[in-house]
Amino acid sequence: MLDTLLEGAIAFMLIAGGIFAFIGSLGLTHLKDFYMRLHGPSKTTTLGVGCTLIGSLIFFSQENGPVIQELLITIFAFITAPVSAHMLAKSALHHKLKPDPRTRGNPQELESDRSKHTVEEAPQGNSPLP
């Protein structure tokens, strides 16, 4: 009875992982601009990888006792994926990538919230750069 429940849990985690990875990959290919495409790999694909690793953790723990490698990989993926997506978004904002009109949170709004140049950083002549 317990083996059947564990096999069901493993199958559920593997299927859920595959579905989440597919949805993330689909979002990566179909969304219109860089800012929208960040959501596919950073959220759903990470969740898919996490589900697959948890299924693997359950399977190998059943045969060989507690397995810590999959748990550490899952924790590492859940910590690093949002941080790397945040850094990619900040880099895109600094490079002023043009967003699609349907993208929420217009980056120009962020520019207007930022304080203007200090006296030492004031642009010289017609240059927009400090």
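Q: In which helix does Phe-78 lie?
A: Helices (H or I, at least four residues) and strands (E, at least two) are DSSP runs, numbered from the N terminus. Phe-78 lies in helix α4. The model is a predicted one, in which local features need pLDDT of at least 70, side-chain atom pairs count only at pLDDT 80 or more, and totals for chains, interfaces and linings use all residues. Residues are numbered from 1 along each chain as its sequence is written, and side-chain values use heavy atoms, with hydrogens and water left out.

Q: How should I read the accessibility of Phe-78?
A: Buried means under 20% relative accessible area, exposed means over 50%, and partly exposed is in between (1.4 Å probe, protein chains only). With a relative accessible area of 37%, Phe-78 is partly exposed.

Q: Which residues does Phe-78 touch, apart from those up to four places away in sequence?
A: A contact means heavy atoms within 4.5 Å. On that basis Phe-78 touches Thr-46, Leu-47 and Gly-50, with residues up to four places away in sequence not counted. Thr-46 is 32 residues from Phe-78 along the chain, and their C-alpha atoms are separated by 6.8 Å.

Q: What is the overall pattern of the chain?
A: The pattern along the sequence is α-α-α-α-α, with five helices and zero strands. The chain has 130 residues, and 25% of them count as buried. Among contacts between residues at least 6 apart in sequence, 62% join residues at least 24 apart.

Q: How does the reach of α4 compare with the expected value?
A: The expected span of a helix is 1.5 Å times one less than its number of residues. For α4, which has 26 residues, the distance from first C-alpha to last is 37 Å, close to the 38 Å expected. For α1, with 29 residues, the reach is 42 Å, close to the expected 42 Å. Helix α3 (residues 39–64) has 26 residues and reaches 36 Å, close to the expected 38 Å.

Q: Where is the kink in α3 centred?
A: The bend at a residue is the angle between axes fitted to the seven residues ending there and the seven starting there. In α3 there is a kink of about 30°, centred on Thr-45.

Q: Which residues of α3 are buried, and what do they pack against?
A: The buried residues of α3 are Gly-40, Ser-42, Thr-46, Gly-48, Gly-50, Cys-51, Leu-53, Gly-55, Ser-56 and Leu-57. They pack against α1, α2 and α4 (69–94). The buried residues of α1 include Ile-10, Met-13 and Gly-27, and what covers the buried residues of α1 includes α2 and α3. In α4, the buried residues are Glu-70, Thr-74, Ala-77, Ala-81, Ala-85, Ala-89 and Ala-92. What covers them includes α2 and α3.

Q: Why does Gly-27 count as buried?
A: Gly-27 lies in helix α1, and it counts as buried because its relative accessibility is 16%. Gly-27 is 17 residues from Thr-44 in sequence and 9.0 Å from it in space, C-alpha to C-alpha.

Q: What is the nearest side chain of opposite charge to Glu-70?
A: Lys and Arg count as positive, and Asp and Glu as negative; His and the chain ends are not counted. A salt bridge is a side-chain nitrogen of Lys or Arg within 4 Å of a carboxyl oxygen of Asp or Glu. Glu-70, in helix α4, is buried yet has no salt bridge, and the nearest side chain of opposite charge is Lys-43, 27 Å away.

Q: Which side chain joins that of Glu-70 in a polar contact?
A: A polar contact is a pair of N or O atoms within 3.5 Å; within protein, one must be able to donate a hydrogen and the other to accept it, and residues adjacent in sequence count only if both atoms are side-chain atoms. The side chains of Glu-70 and Ser-56 are joined by such a contact of 3.1 Å. Leaving aside neighbours within four places in sequence, Glu-70 is in contact with Leu-53, Ser-56, Leu-57 and Phe-60.

Q: Where is Asp-33 found?
A: Asp-33 is found in the loop between α1 (2–30) and α2 (34–37). Asp-33 is buried yet has no salt bridge, and Arg-37, the nearest side chain of opposite charge, is 6.2 Å away. A polar atom of the Asp-33 side chain lies 3.0 Å from the backbone nitrogen of Met-36. Beyond neighbours within four places in sequence, Asp-33 is in contact with Pro-99, Asp-100 and Thr-103.

Q: What is the phi of Lys-96?
A: Phi of Lys-96 is near 55°, a positive value in a residue other than glycine. Lys-96 is in the loop between α4 and α5 (107–113). It is exposed, with a relative accessible area of 61%. Just after α3, Gly-65 takes a positive phi of about 85°.
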